[in-house]
Amino acid sequence: MKKTILITGGFGFIGLNLIDKLLTQTSYSIVSFVRKKTILNNLPFSFNSKRLKIMYGNIENKNDVIKALKTSTVTIHLAARMAKGKNQNEIESIMKTNLYGTLNLLEAARFNKQNKVIIVSTGGVYGENSRPIRENDNLCPLNPYTVSKLAAERLAHAYHVQYGIPTIIVRPFNVYGPFESSKRSIHRNIISLSHNKKVKLTYRGNRIRDWIYIEDVVDAIISILSCTNNNVVGKTFNISTGKPTSTLNVTRKIINIMGKKKSSISFVDSIISEVHYNVGDYHNIQSVTGWKPSHSIEEGISKTVEWYLQ
């Protein structure tokens with residue numbers, strides 16, 4: 001029997017890339033659960049695929065989520081609201097989508113049997129650190145978004161323990177690549193440079209991050225799909241490269257690849273506090289599934305620049 005995978009937030013950044021690879025390189029059938037207002041142009045795959053179904057709904061609506069889970073045997077939960085949490089309304093929206101949306105999903109999974117429920121979290125739940133972070137290291141999220149993602153993780157773990165829901169947590173670090181939101185730094189910087197505008201960096205570009213190419217993230221998730229439940233259910237996995245790179249060095253790589261002037265960087269003040277160092281250790285997922293990142297930062301940025309400028 002062929003498995004049907006439900007992907008919430010299926011037409012977001014990670015979802016688009018994941019669906020594209022699942023359609024081209026696996027035999028899974030896919031249901032993409034998206035909001036009604038989602039723009040459906042410039043997609044990397046064809047709507048004509050008999051293995052792809054689009055279901056419109058709202059992760060915050062319990063009935064919509066119950067209906068969606070009736071279509072699947074595996075769920076990958078990507079639906080999330082990313083925001084800085086500048087005011088109370090924004091913070092409430094973050095919590096409704098990321099926490100209560102996950103609650104709706106887990107409740108629906110209690111009554112619609114799933115083989116796996118993969119909760120996509122973030123490496124941001126660790127907060128500040130000084131070395132590549134392991135899954136059992138301290139967790140200290142420092143903004144409303146990462147707090148909401150950690151709360152959703154804890155809820156998923158509780159539903160695994162109390163109700164036997166086969167949850168798996170994955171924590172991607174700084175993901176970049178095709179279909180990335182224009183609000184994220186690498187996409188934003190490529191567009192600025194393509195219009196001969198200066199790139200604006202906060203903290204003089206000294207923030208250290210673990211930049212991972214989207215194709216590697218997709219491969220990591222698929223590696224978990226392919227594993228037997230005994231090896232992955234109830235566990236948490238970093239999806240990272242383990243290689244620290246400052247935002248300044250990443251920007252310089254983009255500038256070099258695009259052939260722009262070194263003076264294309266300007267330093268500005270930040271009104272938002274950010275952790276200095278956030279890098280993940282990926283050896284846990286490697287030991288279980290065999291996955292490891294295959295793209296260097298130079299390869300990933302080259303592919304990303306080429307895609308955005310084509």
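**Exercise 1. Is Tyr-203 buried, partly exposed or exposed, and what is its relative accessible area?**

Solution. Tyr-203 has a relative accessible area of 26%, so Tyr-203 is partly exposed. The cut-offs are these: buried is under 20% relative accessible area, exposed is over 50%, and partly exposed is in between (1.4 Å probe, protein chains only). The model is predicted: local features need pLDDT of at least 70, side-chain atom pairs count only at pLDDT 80 or more, and totals for chains, interfaces and linings use all residues. Residues are numbered from 1 along each chain as its sequence is written, and side-chain values use heavy atoms, with hydrogens and water left out.

Tyr-203 sits in the loop between strand 8 (199-202) and strand 9 (208-209). Helices (H or I, at least four residues) and strands (E, at least two) are DSSP runs, numbered from the N terminus. Last, check the backbone. Tyr-203 is not a glycine, yet its phi is positive, about 55°.

**Exercise 2. Where is Arg-204, and is Arg-204 buried or exposed?**

Solution. Start with the place: Arg-204 is in the loop between strand 8 and strand 9. Then take the area. Arg-204 is exposed because its relative accessible area is 57%. Finish with phi: the value for Arg-204 is positive, about 55°, although Arg-204 is not a glycine.

**Exercise 3. How many disulfides does a search of the whole structure find?**

Solution. The test looks for a pair of cysteine sulfur atoms within 2.5 Å. The search of the whole structure finds zero disulfides. Now look at two cysteines. Cys-140 counts as partly exposed because its relative accessibility is 42%. Cys-227, at 13%, counts as buried.

**Exercise 4. Which residues have the most contacts inside the largest nonpolar core?**

Solution. Define the core first: a set of buried Ala, Val, Leu, Ile, Met, Phe, Trp, Tyr and Cys residues joined through side-chain atoms within 4.5 Å. The largest one has 59 residues. Those with the most contacts inside it are Ile-7, Leu-18, Leu-22, Ile-76, Ile-118 and Ile-254. Helix 6 (residues 214-225) gives the largest share of this core, eight residues. Another core, of 19 residues, lies apart from it; Met-55, Val-65, Ala-68 and Leu-106 are among its members.

Zoom in on Leu-18. Contact means heavy atoms within 4.5 Å. Not counting residues up to four places away in sequence, Leu-18 touches Ile-7, Ile-76, Leu-78, Val-218, Ile-221 and Ile-222.

**Exercise 5. What does Ala-83 touch, not counting residues up to four places away in sequence?**

Solution. Ala-83 lies in the loop between strand 4 (74-77) and helix 3. With those residues not counted, Ala-83 touches Glu-90, Ile-94 and Tyr-145. Now compare sequence with space. Ala-83 and Pro-144 are 61 residues apart along the chain, and their C-alpha atoms are separated by 8.2 Å. For Asn-230 and Val-65, the sequence gap is 165 residues and the C-alpha to C-alpha distance is 27 Å.

**Exercise 6. Where is Asn-230, and is Asn-230 buried or exposed?**

Solution. Asn-230 belongs to helix 7 (residues 229-232). Its relative accessibility is 71%, so Asn-230 counts as exposed.
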